[in-house]
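Visitor: I am new to this structure and would like to learn how to read it. Could we go through it feature by feature?

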Amino acid sequence: MSPSLVAYGFLALAIICEVTGSSLLQKSEQFSRLMPTLAMALCFVAALFFLSQALKLIPLGVAYAIWAGLGIVLTSLVSVFVFRFTLDAAALVGIALIVSGVVVMNVFSNSVAH
């Protein structure tokens, strides 16, 4: 298996763990519920572990941009579909700008390891 594919797989796992941890943060009710709080902490530790593995090949700025960008989009989707929050036009434009930045960085930047 390609080392680049493995690195991006680790980055995907980091994103999934981060989004899960963020969702559990909402469920922890300001750390007043033990199990969601412990699960959230475990997810964030796992997210940082997987991110550290991805950083063996992917440059920090690129990895963090992808992690943060996809994390924001997926967390927003969880907020809408699970927690029934609404996003206004400004929030949607902001999310689109973040995604656009990540796409520009990955398509046009020479910093990206492919």
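Guide: We start with exposure. A residue counts as exposed when its relative accessible area is over 50%, as buried when that area is under 20%, and as partly exposed in between. Keep in mind that this is a predicted model.

Visitor: Is Gln-30 buried or exposed?

Guide: Gln-30 has a relative accessible area of 69%, so the residue is exposed. Its place is the loop between α1 and α2. The backbone is worth a look as well: Gln-30 has a positive phi of about 60 degrees although it is not a glycine.

Visitor: Which phi does Phe-31 have?

Guide: Phe-31 also is not a glycine, and its phi is positive, about 65 degrees. Phe-31 lies in the loop between α1 and α2. With 55% relative accessibility, Phe-31 counts as exposed.

Visitor: Now the aromatic rings. How should I read a pair of them?

Guide: A pair of aromatic rings is described by two things, the distance of the centres and the angle of the planes. In this model the count comes to 4 aromatic pairs. One of them joins Phe-10 and Phe-50, with 6.1 Å from centre to centre and 20 degrees between the planes, and this pair is stacked.

Visitor: Why does the pair of Phe-10 and Phe-50 tie together parts that are apart in sequence?

Guide: Phe-10 belongs to helix α1 (residues 3–27) and Phe-50 to helix α2 (residues 34–54), so the pair links parts that are 40 residues apart in sequence. Phe-10 is partly exposed at 25% relative accessibility, while Phe-50 is buried at 18%. Phe-10 and Phe-50 also form one aromatic cluster together with Phe-49.

Visitor: What is the geometry of the rings of Tyr-64 and Trp-67?

Guide: Their centres are 5.3 Å apart and their planes stand at 75 degrees, so this pair is edge-to-face; the cut-off for that label is an angle over 60 degrees. Tyr-64 and Trp-67 are 3 residues apart in helix α3, which means a separation of about one helical turn. Tyr-64 counts as partly exposed at 46% relative accessibility, whereas Trp-67 counts as buried at 10%.

Visitor: What does Trp-67 touch, apart from residues up to four places away in sequence?

Guide: Trp-67 touches Leu-11, Ala-14, Ile-15, Glu-18, Ala-47, Leu-48 and Leu-51. Trp-67 is also among the residues with the most contacts inside the largest nonpolar core, as are Leu-11, Ile-15, Leu-51, Ile-58 and Ile-66.

Visitor: How many residues does that core have, and which helices supply them?

Guide: The largest nonpolar core has 16 residues. At least two of its residues come from each of α1, α2 and α3. The largest share, 6 residues, is supplied by α1.

Visitor: Where is Ser-23 found, and is Ser-23 buried or exposed?

Guide: Ser-23 is in helix α1. Its relative accessible area is 15%, so Ser-23 is buried. Leaving aside neighbours within four places in sequence, Ser-23 is in contact with Val-78 and Phe-83.

Visitor: Last, the surface. Which residues make the nonpolar patch?

Guide: Leu-70, Leu-74, Leu-77, Phe-81 and Val-82 make a nonpolar surface patch of about 470 Å². Take Phe-81 as the example: this residue is in helix α3 (residues 60–81). Phe-81 has a relative accessible area of 57% and is therefore exposed.

Notes:
Residues numbered from 1 in each chain as written. Predicted model: local features only at pLDDT ≥ 70, side-chain atom pairs only at ≥ 80, totals over all residues. Heavy atoms only, no water. Patch = residues over 30% accessible without salt bridge, like charges linked within 9 Å, V, L, I, M, F, W, Y side chains within 5 Å. Areas by Shrake-Rupley, 256 points an atom, 1.4 Å probe, with all protein chains shown as cover. Salt bridge = Lys/Arg side-chain N within 4 Å of Asp/Glu carboxyl O. Helix = DSSP H or I, 4+ residues; strand = E, 2+ residues; numbered from the N terminus. Buried < 20%, exposed > 50% of the residue type's maximum accessible area, 1.4 Å probe, protein only. Phe/Tyr/Trp six-rings, centres within 6.5 Å; stacked < 30°, edge-to-face > 60°. Core = buried A, V, L, I, M, F, W, Y, C linked by side-chain atoms within 4.5 Å. Contact = heavy atoms within 4.5 Å.
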